[in-house]
Amino acid sequence: MNKPTASHSGWKLTTIFFDTALRNNLVLVQAIGVCPIIMAGADLKSGVALALCTLITLLPLSLLMSLIGKKVANWLQPVLYTGVAALLLVGTAIVLDKWVSTALYAKLHLFIPLMAVNTIVSYRVGGFSIGNRPAAAVMDALAAAFGFGLVIAIVSAIRELVSTNTIWNIPVGISLPLPEAAQPFAAFILLGMMAAGLQWLTHRRKESDDEVELLTADNGEEGTENA
Amino acid sequence: MESIITPSLRAGRSVISYSFDVLIAVAALTVFSYVQYGLRPVLVVLIAIASAVISETVCCLLCRRRITLGDGTAFVTGGLIGVLMSPIVPIYVPIIASAFAIVIAKMPFGGSGRNIFNPAAAGVALVTVCFERSMSAFPNPSQNVRLWWDTSEVLYQNSVAATLKSGGTSFETFTDLLFGSTPGAIGTTTVLVLVACLLYLRFRRTVSTAGFIAYMLTCTALALLFPRAEGDYWRSVMLELFSGTLLFTGVFFLNDPTTTPHHTGGRVAFGILLGGMVMLLRHFGQYADGACFAVLLLNPLAPIIDRWTWQLHRFVEMRWIRRE
Amino acid sequence: MKDAKRGIPMILEKGSAPNRPIKVLSDVPRVYLPLAYGEERRCRPVVADYDTVMRGGLLGQPQDAEDIALYSTVTGVVAGMRHINHPLYGQLTCSVVDRILSEETQEEPIPQMPDDLSPAELIAAAKQAGIVDELDGVQLHAKLQSWADFDTPLCLLADAIEPEPYQSSAYAVLKYYGRQVLIGLRLAAKAAGIPMTRILLQTAYTRIRKMAMQFDPNDIHGIRRRRYPVFNKEPAGTEGRCGFIGVQACLALYRAAAFGTPHTDGFITVAGDALETSHNLQVPFGTPIEEALTACGIGKNVSLLLIGDALTGVEFTDRSLPILPGMTCLVALRDPINYRVRSCIGCGQCAAVCHKGLLPYEISKRFENMQYERLAMLEPEDCDGCGVCTAVCPAHRPIAQAVLQAGDSAGGTIFVDWGDDAWNP
């Protein structure tokens with residue numbers, strides 16, 4: 001699981017961002033972190049809250065592990081980043097409960113602690129940040145949180161719109177509620193559609209890239225012949 | 001040089017004849033329901049078929065592919081959804097079920113032959129979840145229901161499976177179950193016609209019965225071990241086997257060529273698993289009849305089961321049979 | 001076991017060919033004789049252009065000493081070279097011989113006593129005569145030599161099984177040259193040191209059963225199975241250690257041993273519903289297919305021409321292709337096959353009829369989806385290309401072709417080790 005590390009080390013920051021956030025989207029391509037989306041991503045507020053939680057966990061952790069990860073023994077690394085993630089999330093939960101919204105916390109109280117042992121953390125922090133330079137690690141954490149947040153925002157917005165005809169608890173004016181859209185299977189279907197759509201886009205881009213490569217290769221050959 | 005084999009002699013049948021056989025079975029079930037309830041079941045089945053066909057056509061047009069109605073699988077999907085509806089179901093329910101089956105469960109996977117989930121089971125599962133009341137309200141048997149919208153004065157009755165689920169007492173005799181004078185969905189109550197359909201499909205070699213036998217034996221064993229009905233064990237077995245969609249699932253969903261294993265050993269293994277899963281969902285599930293969910297849960301395992309049983313078969317053949 | 005149900009029931013519609021005598025087609029104007037099969041079996045031409053060569057005269061000397069020579073099959077003038085792309089044999093370099101219309105006075109040669117020859121002499125005679133086994137296209141002397149040297153079979157079988165619909169050339173050869181075939185078979189067994197010989201027949205074919213009367217019952221091993229393909233050909237008590245040899249090769253070996261004549265003529269069934277009559281023809285090798293078709297009268301609507309029988313035949317369009325050793329059947333069909341290919345519905349028919357017990361639908365699906373890494377464990381290389389899976393497929397998919405290609409590739413090039421390397425740069 002933690003293998004694709006080394007090949008990223010020389011990449012540009014923008015490449016890392018686009019690769020992690022879109023081309024190898026955590027949820028849609030690698031099927032990581034599906035559980036919170038399906039169970040908790042039923043309305044936009046929870047979705048955004050979960051995305052922010054992910055960002056709050058990932059950003060400091062990635063920085064920390066890219067700085068000191070190499071100096072810690074292999075077996076201790078998972079313990080370290082899981083523990084730190086738990087601490088961060090406890091803080092987040094307290095902030096959420098006390099100062100933001102108790103109702104939201106009541107809805108999410110199971111899923112926020114679960115983020116600590118989420119595969120997103122172990123995959124991005126354990127797999128990428130350790131052994132990469134701090135800037136790359138931070139960029140990767142941003143990208144991962146962005147990719148995850150994008151997907152959960154889209155899914156939860158659609159589910160909220162269909163199930164209660166509201167967005168961000170504001171009615172949109174139609175009245176045809178389908179409460180089944182809040183059930184898990186609807187999220188599965190949505191995720192499947194979005195994954196298929198992303199694959200289609202990637203394929204199209206790849207095909208056009210291949211054509212470009214072919215053209216350049218042809219030009220190169222001609223060049224050598226001329227020379 | 002590689003040789004290219006193009007047999008110019010065709011010994012088999014065409015895809016359409018497979019679909020046609022299943023449609024004949026569906027028609028038989030519908031006709032029997034017509035005798036009991038009047039024209040309404042026929043209307044439901046026809047609307048389900050029409051919805052499936054239109055959905056498939058629209059999908060093909062949207063994807064700019066050749067329209068694949070010709071192999072008849074869309075008709076089969078619609079027909080199976082239709083006969084799994086209650087005779088007094090609101091008309092929009094089969095429409096939604098068929099459209100979901102084609103648009104979500106079939107076409108995104110690549111159309112007929114490539115779908116992972118049984119489309120008909122997926123459609124029925126969706127409406128079971130979404131319109132639970134419409135799907136579990138069945139009219140009294142031998143009561144003519146009105147053809148169009150108003151079905152309010154119909155006397156509702158719980159199906160046998162629902163009675164079993166709720167732990168009530170049921171008074172159906174074997175003859176009632178055999179001739180379908182029990183409340184239930186259009187095509188699932190008449191055991192006699194279902195068995196006739198199975199025999200017809202077997203005779204036409206559209207289905208193989210190995211998986212069906214394994215499935216029924218598993219269900220029988222589980223019904224014997226964990227009886228739910230009052231009375232002796234055999235009454236429990238009879239009520240379990242002949243109520244709800246259990247038998248229907250064994251005849252149609254278990255023998256769907258695309259979403260079940262193709263190797264005989266694989267079919268047997270699939271039948272045993274499906275029987276176990278159906279009984280499990282009956283005992284612990286939320287709904288009176290979880291056969292559709294059981295089918296959907298096991299469909300993705302079909303290729304793996306197929307491969308494993310084939311490898312086991314090869315291994316046994318190499319090890320013990322070829323050695324002599 | 002379940003083997004009895006494997007394969008498809010075959011309607012034996014041999015037409016009128018088995019009832020007619022073998023028609024000898026000797027007046028072909030021009031023959032094409034292959035000096036080289038692609039890069040293999042190269043012969044050096046020994047006759048210059050515009051020189052005359054006799055029937056049975058040497059035309060090409062092999063470059064490899066273990067190889068067989070090329071003999072002219074007609075009396076004529078060498079008219080140059082020609083390259084032919086043959087659907088069965090690939091790129092051929094052919095020597096063209098134009099036949100001279102001369103009075104060929106064929107003296108009946110006096111037969112030697114072939115029983116006196118030693119095994120080594122028999123193999124030498126087979127090599128000298130340039131005999132190619134029509135069953136598998138292998139040179140007979142190499143086959144016999146390898147049997148004699150190691151892994152000698154317990155039983156040698158002359159394979160006259162024709163389970164496919166049209167072919168009847170082996171039957172015709174047995175009918176008219178039965179004794180010679182039997183002697184040839186025994187000579188081959190003697191050459192390879194094989195103790196037992198049998199002629200292999202499918203006895204459901206009643207005409208062959210009648211014809212089998214002329215042999216001792218001990219010489220016949222009959223198979224009562226009216227299905228295609230025929231497998232489990234081995235008679236009881238041989239432990240599966242059997243060698244197979246073609247009927248025509250037996251006949252050619254007898255002639256080579258008794259008269260010293262080279263293997264110049266082949267027997268071929270020309271059949272199909274697009275012909276006026278079907279015939280078994282005796283033709284010189286290298287005869288263009290056009291000549292054989294004309295001799296049987298081509299009908300009007302020929303939509304499909306096949307080398308080989310209707311099930312395993314290879315489609316071709318060029319009627320000037322030469323008839324070569326290994327071709328025993330030509331089929332001309334009237335109705336075009338324009339089935340619409342649909343996607344696989346997974347009915348499992350192909351797995352049910354496969355006599356090797358494979359999963360053809362799974363193999364072809366993986367091959368088409370390029371999932372090569374999981375292809376090998378489905379053992380596609382076991383396929384012998386009988387074509388039954390394509391014949392029964394309700395979606396009319398070319399399954400057999402995909403399985404064969406997958407089997408070809410299973411041992412070779414496209415199985416790059418994808419492995420985990422992509423993850424471990």
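These are my notebook entries on what I looked up in this predicted model.

**Ground rules**

I count residues from 1 along each chain as its sequence is written, with chains lettered from A and ligands numbered from 1 in the order in which they are written. Because the model is predicted, local features need pLDDT of at least 70 and side-chain atom pairs count only at pLDDT 80 or more, while totals for chains, interfaces and linings use all residues.

**Entry 1: chain A overall**

I began with the secondary structure of chain A and found nine helices and two strands. Helices here are DSSP runs of H or I with at least four residues, strands are runs of E with at least two, and both are numbered from the N terminus. Along the sequence the pattern reads α-α-α-α-α-α-α-α-β-β-α.

Next I checked burial, and 32% of the 227 residues in chain A are buried. A residue is buried if 20 or more other C-beta atoms lie within 10 Å of its own, exposed if 12 or fewer, and partly exposed in between, with C-beta atoms placed from the backbone.

I also looked at contacts, meaning pairs whose C-beta atoms, placed from the backbone, lie within 7 Å. Among contacts in chain A between residues at least 6 apart in sequence, 77% join residues at least 24 apart.

**Entry 2: two positive phi values in chain A**

Most residues other than glycine have a negative phi. I noted Ala31(A), which has a positive phi of about 55° without being a glycine. Ala31(A) sits in the loop between helix 1 (13-23) and helix 2 (34-40) of chain A. Is Ala31(A) buried or exposed? Ala31(A) counts as exposed because it has 12 C-beta neighbours inside 10 Å.

Asn165(A) is another non-glycine residue with a positive phi, near 60°. I placed Asn165(A) in the loop between helix 8 (134-164) and strand 1 (166-167) of chain A. Asn165(A) has 15 other C-beta atoms within 10 Å, so it is partly exposed.

**Entry 3: where chain A meets chain B**

I then looked up the contact of these two chains, which takes four residues from chain A and four residues from chain B. On the chain A side, I found two nonpolar, one polar and one charged residues. For these classes, Ala, Val, Leu, Ile, Met, Phe, Trp, Tyr, Cys and Pro count as nonpolar, Asp, Glu, Lys and Arg as charged, and the others, Gly among them, as polar.

**Entry 4: a helix pair in chain B**

Helix 1 (residues 15-37) and helix 2 (residues 40-62) of chain B have axes that come within 7 Å and cross at roughly 145°. The axes are lines fitted to C-alpha atoms over the stretch in contact, and angles run from 0 to 180 degrees between N-to-C directions. Which residues make the contact? Helix 1 of chain B brings Thr30(B), Ser33(B), Tyr34(B) and Tyr37(B), and helix 2 of chain B brings Arg40(B), Pro41(B), Val42(B) and Val45(B). By class, that contact has five nonpolar, two polar and one charged residues.

The expected span is 1.5 Å times one less than the number of residues. Just after this helix, Gly38(B) takes a positive phi of about 95°.

**Entry 5: Ile305(B)**

I found Ile305(B) in helix 15 (residues 302-321) of chain B. Ile305(B) counts as buried because it has 20 C-beta neighbours inside 10 Å. Setting aside residues up to four places away in sequence, Ile305(B) touches Pro261(B), Gly266(B), Ala269(B) and Phe270(B).

**Entry 6: chain C and its helix 3**

Chain C comes to ten helices and 19 strands, and 50% of its 425 residues count as buried.

How many residues of helix 3 of chain C are buried? I got 19 of the 24, so this helix is largely enclosed by the rest of the structure. A straight helix of 24 residues would span 34 Å at 1.5 Å a residue, but helix 3 of chain C spans only 26 Å between its end C-alpha atoms. I also found a kink of about 100° in helix 3 of chain C, centred on Tyr177(C). The bend is the angle between axes fitted to the seven residues ending at a residue and the seven starting there. Just after the helix, Gly193(C) has a positive phi of about 75°.
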